Amino acid sequence: MTVHEDMRKPFETADCANYGVLKANAKNNRNNPTEAESCLWHHLSKDELGVRFRRQYVIDNFIVDFVCLKKKLIIEIDGGYHFEEDQQLSDEARTSILEKLGFRVIRFTNEEVLFDIETTISKIKNIIS
């Protein structure tokens with residue numbers, strides 16, 4: 001184990017060769033959010049749910065849209081390409097790996113977040129309570 005691995009946070013388990021790239025991509029994603037990500041972050045960042053969320057966070061070899069480390073909850077927002085068969089298989093594999101790491105993964109579509117944010121927030125509240 002390298003010194004770099006020892007210094008990482010518990011959920012930042014990405015391969016050291018990939019970690020720097022993932023971290024840079026996560027920062028870029030935070031600086032260039034989608035409309036749905038901005039909408040959901042507006043609610044999650046206000047602490048109205050009583051727990052802290054992080055956005056575009058590195059977990060294992062993935063960048064997750066939102067995570068509450070305390071509740072081990074990951075929230076993903078799926079755009080239109082997530083309905084393609086290859087992407088659905090990739091999403092299922094990704095979810096499986098994250099669940100093996102002890103996280104619960106919930107997914108919302110862009111439309112759910114943008115057009116029914118109250119229901120989206122209500123679903124998240126029910127899961128974390």
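**Entry 1: the terms I need**

A cavity, on a 1 Å grid over the protein atoms alone, is a set of points where a 1.4 Å probe fits but cannot get out, and lining residues have an atom within 4 Å of a point. Grid points are joined across faces, edges and corners, and a volume is the space filled by probe spheres set on the points.

I am working with a predicted model, where local features need pLDDT of at least 70 and side-chain atom pairs count only at pLDDT 80 or more, while totals for chains, interfaces and linings use all residues. Residues are numbered from 1 along each chain as its sequence is written, and side-chain values use heavy atoms, with hydrogens and water left out.

**Entry 2: confidence**

I looked up pLDDT, the predictor's confidence in each residue, from 0 to 100. The protein has a mean of 85, and 84% of its residues reach 70 or more. Over residues 1-8 pLDDT stays under 50, and the model has nine contacts (heavy atoms within 4.5 Å) for them beyond four places in sequence.

**Entry 3: the cavity**

How many cavities of 30 Å³ or more does a search of the whole structure find? I found one, and the volume of this largest cavity is about 40 Å³. Helix 3 (35-44), strand 1 (54-59) and strand 2 (62-68) are the elements that give two or more residues to its lining. Helices (H or I, at least four residues) and strands (E, at least two) are DSSP runs, numbered from the N terminus. Helix 3 gives the most, with three residues. Among the lining residues I noted Trp-41, Arg-55 and Phe-66.

Four of them form an open sheet in the order 1-2-3-4, with mixed pairing; two strands pair if DSSP finds at least two bridges between them. Strand 1 and strand 4 (104-109) are the edge strands, each pairing on one side only. Strand 2 and strand 3 (residues 73-78) pair in the antiparallel sense over three bridges.

Technical notes: 1 Å grid on protein atoms, 1.4 Å probe; cavity = no way out; pocket = protein on both sides within 12 Å on 5 of 7 lines; lining within 4 Å.
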